[in-house]
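Here are my notes on the model, as numbered points. Please read them with the structure open.

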Amino acid sequence: MRPKDLEFTIKGFETRKPSFSDGVLTIPSYFEKHDRNLFPELNTKLERYQTIHVEICSGNGEWIAERAQKNPEILYFAVEKKFMRIRKIWSKMKNKGLENLIIVSGMGEDFLDHYLDRESIDEVFVNFPDPWPKKRHAKHRIIKESFLKPVYDVLKADGQITTTTDSKEYSEEMIEVFSASDLFNNLYPNGFTPLDESYGGSYFKRLWSEMGRKNRLMTFKKVEKELCASPKI
């Protein structure tokens, strides 16, 4: 299957609604009437697997397709907002026969808020999110205070979120955002660890490595509710 074999899931205003077809869950932006129960096939998938991982900002899907192929007992969700990238993930899913991969065409926050049960996800990954380096664009960065609560809610009691980036500045900002919250604990004393080859491949990982940049990995573990104090002010 080629990427262009996947037809546009939203072709016009009249078709602008959530759908689940051929492994792709489509979530239109600024949509309000979400109902996961409209998609029994999706619910069946969620019930079938004991372990579920979510990657937000999946790009062309190389990393998550590799993970899904190596771990057929785990259900993976690849969340990406750009449809041309969705097509590339879908092509990999089809050509590799990945029955344990579901693609989400939409915003990560919408997926977390409306299509997952509370405390149902084991791990969340955000690999090489756009750092939006200019100050006027900083509001578009995905790792920010408002993003933590939705992630916290869907993670299981011992769940964790892992982020990767080549940007020293964005890495420091991520660590600062998580450190300012009582919802997560950083698993690395120095805040991060160098990203090694065992993590898996991706276009951005290779690109930044070839350019001599140092890729960083950060993992934050969910704080158990009974131990979670009031949010810091």
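How does Glu-173 count by relative accessibility: buried, partly exposed or exposed? Glu-173 counts as partly exposed, at 25% relative accessibility. The classes are buried under 20% relative accessible area, exposed over 50%, and partly exposed in between (1.4 Å probe, protein chains only).

1. Basis. This is a predicted model, in which local features need pLDDT of at least 70, side-chain atom pairs count only at pLDDT 80 or more, and totals for chains, interfaces and linings use all residues. Residues are numbered from 1 along each chain as its sequence is written, and side-chain values use heavy atoms, with hydrogens and water left out.

2. Arg-141 and Glu-173. These two form a salt bridge, with the closest N and O atoms 2.4 Å apart. A salt bridge here is a side-chain nitrogen of Lys or Arg within 4 Å of a carboxyl oxygen of Asp or Glu. The pair links distant parts of the chain, 32 residues apart. Arg-141 sits in the loop between strand E6 (121-127) and helix H5 (145-154), and Glu-173 in helix H6 (residues 168-179). Helices (H or I, at least four residues) and strands (E, at least two) are DSSP runs, numbered from the N terminus. Arg-141 is buried because its relative accessible area is 12%.

3. Other salt bridges. The structure holds 11 salt bridges. Glu-66 and Lys-70 pair at 3.2 Å, N to O. Both lie in helix H2 (residues 62-70), four residues apart, about one turn of the helix. An α-helix has 3.6 residues a turn, so residues three or four places apart point the same way. Glu-66 is partly exposed at 24%, whereas Lys-70 is exposed at 60%. Arg-85 bridges to Glu-80, with 3.7 Å between the closest N and O atoms. Arg-85 is partly exposed at 28%, and Glu-80 is buried at 4%. A network of salt bridges links Arg-118, Lys-149 and Asp-153.

4. Helix H3. H3 (residues 83-96) has 14 residues. From first C-alpha to last, H3 reaches 20 Å, close to the 20 Å expected at 1.5 Å a residue. The expected span is 1.5 Å times one less than the number of residues. Buried positions in H3 include Phe-83, Ile-86, Ile-89, Trp-90 and Met-93. Their cover includes strand E2 (24-26), strand E4 (74-80) and strand E5 (101-105). Gly-97 follows H3, with a positive phi near 65°.

5. Arg-36. This residue lies in the loop between E2 and helix H1 (40-48). Arg-36 counts as buried because its relative accessible area is 17%. Its C-alpha is 5.7 Å from that of Tyr-115, 79 residues away along the chain. The side chain of Arg-36 also reaches the backbone oxygen of Tyr-115 at 3.3 Å. Not counting residues up to four places away in sequence, Arg-36 touches residues including Leu-42, Leu-46, His-114 and Asp-117. Contact means heavy atoms within 4.5 Å.

6. Nonpolar cores. The largest has 40 residues, of which Phe-77, Phe-111 and Phe-184 touch the most other members. Apart from it lies another core, of 22 residues, among them Ala-68, Ile-74, Ala-78 and Phe-128. A nonpolar core is a set of buried Ala, Val, Leu, Ile, Met, Phe, Trp, Tyr and Cys residues joined through side-chain atoms within 4.5 Å. Beyond four places in sequence, Phe-184 touches residues including Leu-148, Tyr-152, Phe-220 and Lys-222.

Conventions
A polar contact is a pair of N or O atoms within 3.5 Å; within protein, one must be able to donate a hydrogen and the other to accept it, and residues adjacent in sequence count only if both atoms are side-chain atoms.
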